[in-house]
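Here is a short briefing on one protein structure. Take a look at the sequence and the 3D view, then work through the points below.

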Amino acid sequence: MAIEGRKILVGVTGGVAAYKTLEVVRLLGAAGARCQAVLTRSATELIRPESFEALTGRRAVWDLWTSDREARPSDAFAPETKPIHIDIAQSADLFLVAPATANILAKMAAGIADDLLTTAYLAATCPVVVAPAMNSFMWAHKTTERNLARLREDGVRIIDPEEGDLACGYRGKGRLASPERIVAVVREMLDRPGDLAGRRILVTAGRTEEAIDPIRVLTNRSSGKMGVALAGECARRGAEVVFVAGVLSVAPPAGVRVIEATTARAMAEAVLREGPACDAVLMAAAVGDYRPREFSGEKMKRSGPIRIELEPTEDILETLAARRGSIRVLAGFALETGSPEARGLEKMKRKKLDLIVVNRPDVPGGGIGREKTEAILLGRDGYREEIPLASKASIAARIADRVAAMLEPRGEDSAQANSRRE
Ligand code: CTP
């Protein structure tokens with residue numbers, strides 16, 4: 001889809017290059033886009049919002065507290081229904097921040113939301129593009145580098161600044177990319193249909209809990225971060241995501257349908273009901289292998305050693321493998337000690353999976369419950385990819401890449417795919 005008719009939220013921050021954003025907005029408008037400018041307070045010191053209003057034909061906004069209907073611009077995207085930062089963010093097809101100062105990059109990377117632009121960033125689920133501009137020393141600073149790396153991991157597209165004379169009198173890297181280049185990237189981002197568009201994907205995440213008595217549970221240390229990252233990544237890439245959530249230590253991602261299932265039985269029920277109608281099922285949840293055979297309705301009292309008899313839970317993947325429906329990619333996760341790869345391969349075969357993500361609980365610098373981990377992707381087709389220590393978000397992106405590749409070619413009849421698989 002072209003730029004024409006698309007809604008672009010243009011964030012302007014307090015860099016001298018803000019005047020060049022007027023040209024970006026003019027070019028976007030000429031290509032048929034509908035732009036809404038959102039400025040920071042510092043930006044309003046450098047450039048008058050009226051300039052953006054003249055070019056966009058919409059009231060420029062910068063005040064988070066302009067939330068009453070009278071004061072709110074009547075022509076902001078989807079006005080009046082929700083708080084303004086949600087309105088403008090949720091109705092945009094793309095959020096462009098240009099120029100992006102070192103300060104806004106830091107705030108976006110850290111999730112600081114103290115004005116209209118930053119709250120809109122957190123409320124946006126559309127693609128986000130930032131075009132930084134700053135002094136070359138600020139650009140090269142380790143802090144800026146770190147913030148950019150984090151934003152990239154969060155899926156933000158960065159348009160690197162150019163080399164040249166800078167407003168501060170120095171020469172170096174830091175000039176805002178040209179308006180033509182910015183518009184070209186916006187066009188590319190809008191043209192790119194998510195590679196998972198039109199796919200329905202079920203992702204499970206988190207841990208299950210099996211009650212022993214009204215107070216105690218049998219559970220494990222999974223935080224759900226991997227599954228949440230994977231579900232969010234699939235949703236951002238256009239998939240319709242059914243998110244089956246066990247107990248999570250983090251919030252579920254935006255843009256997915258959440259089904260809560262905190263016991264192995266509830267998760268089996270949800271996955272077996274929803275899974276067969278999906279193109280892919282990605283079982284990132286750490287499902288307990290055992291549950292207490294009996295549940296004590298009364299709190300168990302301390303009285304010396306006790307025995308709790310456990311019975312195995314249903315194996316969700318194995319059951320699903322036997323009735324695949326339209327599923328073309330059935331993926332499992334294996335958290336293994338010892339020799340993870342061999343065990344992962346064995347597990348993939350035993351559970352009749354197409355893909356298995358193998359990792360270890362005790363990676364130096366990462367692992368279960370931590371921000372980072374390492375993984376090996378193994379495919380039934382012989383595919384093998386080693387992913388060294390990386391954030392769970394970037395591992396999720398690699399898994400989604402593989403799932404997207406396995407779901408190609410499009411339109412293939414699932415029966416054909418299944419028969420070829422045998
Ligand atoms: N899994 C499942 N149902 C279960 C247990 C696990 O579907 N009752 C899924 C997990 O979501 C994961 C994969 O199977 O994707 C591997 O989980 P794991 O606990 O490592 O497998 P087990 O079959 O329990 O093997 P092990 O004997 O090593 O515990």
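Which residues in helix 5 meet which residues in helix 8? On the helix 5 side they are Ala102, Leu105, Ala106, Met108 and Ala109. On the helix 8 side they are Thr144, Asn147, Leu148, Arg150 and Leu151. Keep in mind that this is a predicted model.

**The whole chain**

- The protein chain holds 15 helices and 19 strands.
- Its C-alpha trace spans about 75 × 55 × 40 Å along the principal axes.
- The chain has 422 residues, and 51% of them count as buried.
- Take the contacts between residues at least 6 apart in sequence: 65% of these join residues at least 24 apart.

**Helix 5 against helix 8**

- Two packed helices are described by the angle between their axes and the distance between the axes.
- Helix 5 covers residues 102–110, and helix 8 covers residues 142–153.
- The two pack at an angle of about 50 degrees, and their axes are 9 Å apart.
- That angle makes helix 5 oblique to helix 8.
- The crossing of helix 5 past helix 8 is left-handed.
- The residues of this contact divide into seven nonpolar, two polar and one charged.
- An α-helix has 3.6 residues a turn, so residues three or four places apart point the same way.

**Helix 6**

- Helix 6 runs over residues 116–123.
- Seven of its eight residues are buried, so helix 6 is largely enclosed by the rest of the structure.
- The buried residues are Leu116, Leu117, Thr118, Thr119, Ala120, Tyr121 and Ala123.
- Asp115 caps the N-terminal end of helix 6.
- In this cap, a side-chain oxygen of Asp115 lies 3.4 Å from the backbone nitrogen of Leu117.

**Thr56: a buried residue**

- Thr56 sits in helix 3, which covers residues 49–56.
- Is Thr56 buried or exposed? Thr56 counts as buried, because its relative accessibility is 14% and the cut-off for buried is under 20%.
- Leaving aside neighbours within four places in sequence, Thr56 is in contact with Val25 and Cys35.

**Arg293: a partly exposed residue**

- Arg293 is in the loop between strand 14 (290–292) and strand 15 (310–312).
- With a relative accessible area of 45%, Arg293 is partly exposed.
- Leaving aside neighbours within four places in sequence, Arg293 is in contact with Glu309, Leu310 and Glu311.
- How far apart are the C-alpha atoms of Arg293 and Leu117? They are separated by 53 Å, and the two residues are 176 residues apart along the chain.

**Backbone features to spot**

- Most residues other than glycine have a negative phi, and most peptide bonds are trans.
- Which two residues does a cis peptide bond join? They are Ala98 and Pro99, and omega is about -5 degrees.
- Pro99 lies in strand 3, which covers residues 94–100.
- Lys352 has a phi near 55 degrees, a positive value in a residue other than glycine.
- Find Lys352 in the loop between helix 13 (340–350) and strand 17 (355–359).
- Lys352 is exposed, with a relative accessible area of 51%.

Key: Residues are numbered from 1 along each chain as its sequence is written. This is a predicted model: local features need pLDDT of at least 70, side-chain atom pairs count only at pLDDT 80 or more; totals for chains, interfaces and linings use all residues. Side-chain values use heavy atoms; hydrogens and water are left out. Buried means under 20% relative accessible area, exposed over 50%, partly exposed in between (1.4 Å probe, protein chains only). Helices (H or I, at least four residues) and strands (E, at least two) are DSSP runs, numbered from the N terminus. A polar contact is a pair of N or O atoms within 3.5 Å; within protein, one must be able to donate a hydrogen and the other to accept it, and residues adjacent in sequence count only if both atoms are side-chain atoms. Axes are lines fitted to C-alpha atoms, for helices over the stretch in contact, and angles run from 0 to 180 degrees between N-to-C directions. Angles under 35 degrees count as roughly parallel, over 145 as roughly antiparallel, 65 to 115 as roughly perpendicular and the rest as oblique. A crossing is left-handed if the near helix is turned anticlockwise from the far one by less than a right angle, and right-handed if clockwise. Contact means heavy atoms within 4.5 Å. Ala, Val, Leu, Ile, Met, Phe, Trp, Tyr, Cys and Pro count as nonpolar, Asp, Glu, Lys and Arg as charged, and the others, Gly among them, as polar.
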